[in-house]
Amino acid sequence: MNDEPITSVLIENLIVLIVEFCPAVRYIGCSKNRNINFLYKGFYLMHSTTNVSFYQFADIPADALPALREEILKNCLERSLKGTVLLATEGVNAYLAGSRESIDSMKIVLESICLPSNPNQPVFSRLTYKESPSRAQPFTRMLVKIKKEIIAFGVEGIRPREHTA
């Protein structure tokens, strides 16, 4: 017995009911894997992953970077986050993805990290975040790298924290 016609009718009826009784929700199509996609205020209703990018220019001593790397990596792995975090003496630049709860929890952790040289002042207290939803995890692994620069200018001696455009 083929359930395809019955399933298609049920899906069509479901779409009509949602769109009719929720005018703010807009039907935007059905994907190949049969996920029905609705849009509400610019966000997919059926997304399970939150993507976040963030950066902050900050003065981080070179000798503090390895411990900072381990702390961030440990916290990301505990929260099942995936993506890339770049650390340098000039600050942090990152792209992470995971559940809403994991992202929110990691933000709290990041904003509370202090360096041993200044234990009362969080190093990432002014992070700038950009978020977007997705239905699947876009990254395959979690990396925290120590680099020369978080944004490659290719010019020695530039201190973006001190001299901004």
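How many cavities of 30 Å³ or more does the count come to? The count comes to one, in a model that is predicted. The legends below cover this cavity and other local features.

**Figure 1. The largest cavity and its lining.** About 30 Å³ of space lies in the largest cavity. V52, F54, L96, I103, M106, K107, L110 and Y129 line this cavity. Two or more lining residues come from each of the elements β4 (49-57) and α3 (100-110). The most is given by α3, with four residues. Sorted by class, the lining has seven nonpolar residues, no polar residues and one charged residue.

**Figure 2. K107 and the ring of Y129.** Both K107 and Y129 belong to the lining of the largest cavity. The charged end of K107 sits over the ring of Y129, at 4.5 Å from the ring centre. K107 is also among the buried residues of α3.

Figure 3. Buried residues in α3 are S102, I103, M106, K107, V109 and L110. Viewed down the axis of α3, these buried residues fall within an arc of 160°, so they line one face of the helix. An α-helix has 3.6 residues a turn, so residues three or four places apart point the same way. On the face of α3 turned away from the buried side are the exposed residues E101 and I108.

**Figure 4. The aromatic pair Y55 and F57.** Two aromatic pairs are found in a search of the whole structure. One of them joins Y55 and F57 in an edge-to-face arrangement, with 6.0 Å centre to centre and 70° between the planes. The planes count as edge-to-face because their angle of 70° is over 60 degrees. Y55 has 37% relative accessibility and therefore counts as partly exposed. F57 has 17% relative accessibility and therefore counts as buried.

**Figure 5. P133 in strand β9.** P133 is located in strand β9, which covers residues 128-134. With a relative accessible area of 22%, P133 is partly exposed. Along the chain, P133 and S99 are 34 residues apart. The C-alpha atoms of P133 and S99 are separated by 9.8 Å.

Terms used
Residues are numbered from 1 along each chain as its sequence is written. This is a predicted model: local features need pLDDT of at least 70, side-chain atom pairs count only at pLDDT 80 or more; totals for chains, interfaces and linings use all residues. Side-chain values use heavy atoms; hydrogens and water are left out. On a 1 Å grid over the protein atoms alone, a cavity is a set of points where a 1.4 Å probe fits but cannot get out, and a pocket is an open set with protein on both sides within 12 Å along at least five of seven lines; lining residues have an atom within 4 Å of a point. Grid points are joined across faces, edges and corners, and a volume is the space filled by probe spheres set on the points. Ala, Val, Leu, Ile, Met, Phe, Trp, Tyr, Cys and Pro count as nonpolar, Asp, Glu, Lys and Arg as charged, and the others, Gly among them, as polar. Rings of Phe, Tyr and Trp (its six-membered ring) pair if their centres lie within 6.5 Å; planes under 30 degrees apart count as stacked, over 60 as edge-to-face and the rest as tilted. Buried means under 20% relative accessible area, exposed over 50%, partly exposed in between (1.4 Å probe, protein chains only). A charge sits over a ring if NZ of Lys or CZ of Arg is within 6 Å of the ring centre and within 35 degrees of the ring normal. The arc is that of the directions from the helix axis to the C-beta atoms.
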